Structures are given as structure tokens and as C-alpha cells.
Amino acid sequence: SKAEVFGIVYFAALACVKSTLGCNQDGASDAICHGEIGVLVYHDNLEEIAQAIINVFQGTYHNSIMYQPETLRQKVIETYGSARFKTVLTHLIKSHI
């Protein structure tokens, strides 16, 4: 997508511990933690997209977390799980009181 605003599709994939590929120009960047837990590419560069997909499937993508399902799962839980949500929400509420 060239206009993914929030990135729900990435959260769904990450919840299933699946590799994710998104655009580095929209909401995917935040959802994929700026490439820390997924692949970011420029949406108009077909060669870059193709090469990233090939690298992921061949096991040669530079981010090793893509091939460590338990590590990826733990990172997703730490980043987006309920405990993190509660911590961030509490901080936001306290900072606005």
C-alpha cells in the first residue's frame, strides 16, 4: 500500500509471528519499528521490493530476528502487548494531569 495510515495488517502478521514487509514512507514504518521487526522498502522501487522478498525467502535478509520466531514473538509482545499498552497509557494520563 502507498497509503497505509496505521498498519493494522502488520500487527496481524506480527501477532502470527510472520515476516512483514512494508513501505518506509507511511504507517508501516512505525508498526514495524522502523525495520527492527520487519522489512521496510520504498514503495515505488520494484527491484528493492523483489530483492527484499527474495532475501527473506532465501534466509539471507540482514535482520536475523526474521528467522527467530520466539525472539520476534517476544519483541512484538514487549512492544505492543497489554503490559506495554498499560505503561504507555498510564504515562500519558499522568503527564496530562
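Guide: A term to start with: buried means under 20% relative accessible area, exposed over 50%, and partly exposed in between (1.4 Å probe, protein chains only). This is a predicted model, in which local features need pLDDT of at least 70 and side-chain atom pairs count only at pLDDT 80 or more, while totals for chains, interfaces and linings use all residues. Residues are numbered from 1 along each chain as its sequence is written, and side-chain values use heavy atoms, with hydrogens and water left out.

Visitor: Is N63 buried or exposed?
Guide: N63 sits in the loop between α3 (46–58) and α4 (69–80); helices (H or I, at least four residues) and strands (E, at least two) are DSSP runs, numbered from the N terminus. Its relative accessibility is 14%, so N63 counts as buried.

Visitor: Which residues is N63 in contact with, leaving aside neighbours within four places in sequence?
Guide: Contact means heavy atoms within 4.5 Å. With neighbours within four places in sequence set aside, the partners of N63 are G35, E36, I37 and G38.

Visitor: Which side chain does K75 meet in a salt bridge?
Guide: A salt bridge is a side-chain nitrogen of Lys or Arg within 4 Å of a carboxyl oxygen of Asp or Glu, and by this rule the count comes to one. Side chains of opposite charge can pair when their charged atoms come close. Here the N to O distance is 2.8 Å, and the partner of K75 is E36.

Visitor: How many residues apart in sequence are the parts that K75 and E36 tie together?
Guide: K75 is partly exposed at 23% relative accessibility, and E36 is partly exposed too, at 40%. The salt bridge joins K75 to E36 at 2.8 Å. Since K75 lies in helix α4 and E36 in the loop between α2 (28–31) and β2 (39–41), the pair ties together parts whose separation in sequence is 39 residues.

Visitor: How many residues make up the largest nonpolar core?
Guide: A nonpolar core is a set of buried Ala, Val, Leu, Ile, Met, Phe, Trp, Tyr and Cys residues joined through side-chain atoms within 4.5 Å. In soluble globular proteins, nonpolar side chains tend to be buried together. The largest nonpolar core here includes Y10, L14, I32, L40 and V76, and its residues number eleven.

Visitor: Which elements give two or more residues to this core?
Guide: The largest nonpolar core has Y10, L14, A28, A31, L72 and V76 among its residues. The elements that contribute two or more residues to it are α1 (8–15), α2 and α4.

Visitor: What does S29 contact, leaving aside neighbours within four places in sequence?
Guide: S29 is found in helix α2 and is buried, with a relative accessible area of 11%. Leaving aside neighbours within four places in sequence, S29 is in contact with C23, N24, H34 and L40.

Visitor: What separates the C-alpha atoms of L21 and Y10?
Guide: L21 belongs to strand β1 (residues 21–23) and counts as partly exposed at 31% relative accessibility. Beyond four places in sequence, L21 touches residues including Y10, I32 and V39. Y10 is eleven residues from L21 along the chain, and their C-alpha atoms are separated by 8.1 Å.

Visitor: How much accessible area do F85, L89, I93 and I97 have together?
Guide: Patches are made of residues with over 30% relative accessible area and no salt bridge; like charges are joined within 9 Å, nonpolar side chains (Val, Leu, Ile, Met, Phe, Trp, Tyr) within 5 Å. I97, in the segment after α5 (82–95), is exposed with a relative accessible area of 83%. Accessible areas come from the Shrake-Rupley method with a 1.4 Å probe, and for residues only the protein chains shown count as cover. Together these four form a nonpolar patch on the surface, with an accessible area of about 460 Å².

Visitor: Which element has the highest mean pLDDT?
Guide: pLDDT is the predictor's confidence in each residue, from 0 to 100. The chain averages 90, and 95% of the residues score at least 70. Among the elements, α1 has the lowest mean (86), while the highest (96) belongs to α3.

Visitor: What pattern does the chain follow along the sequence?
Guide: The chain has five helices and two strands. Read along the sequence, their pattern is α-β-α-β-α-α-α.
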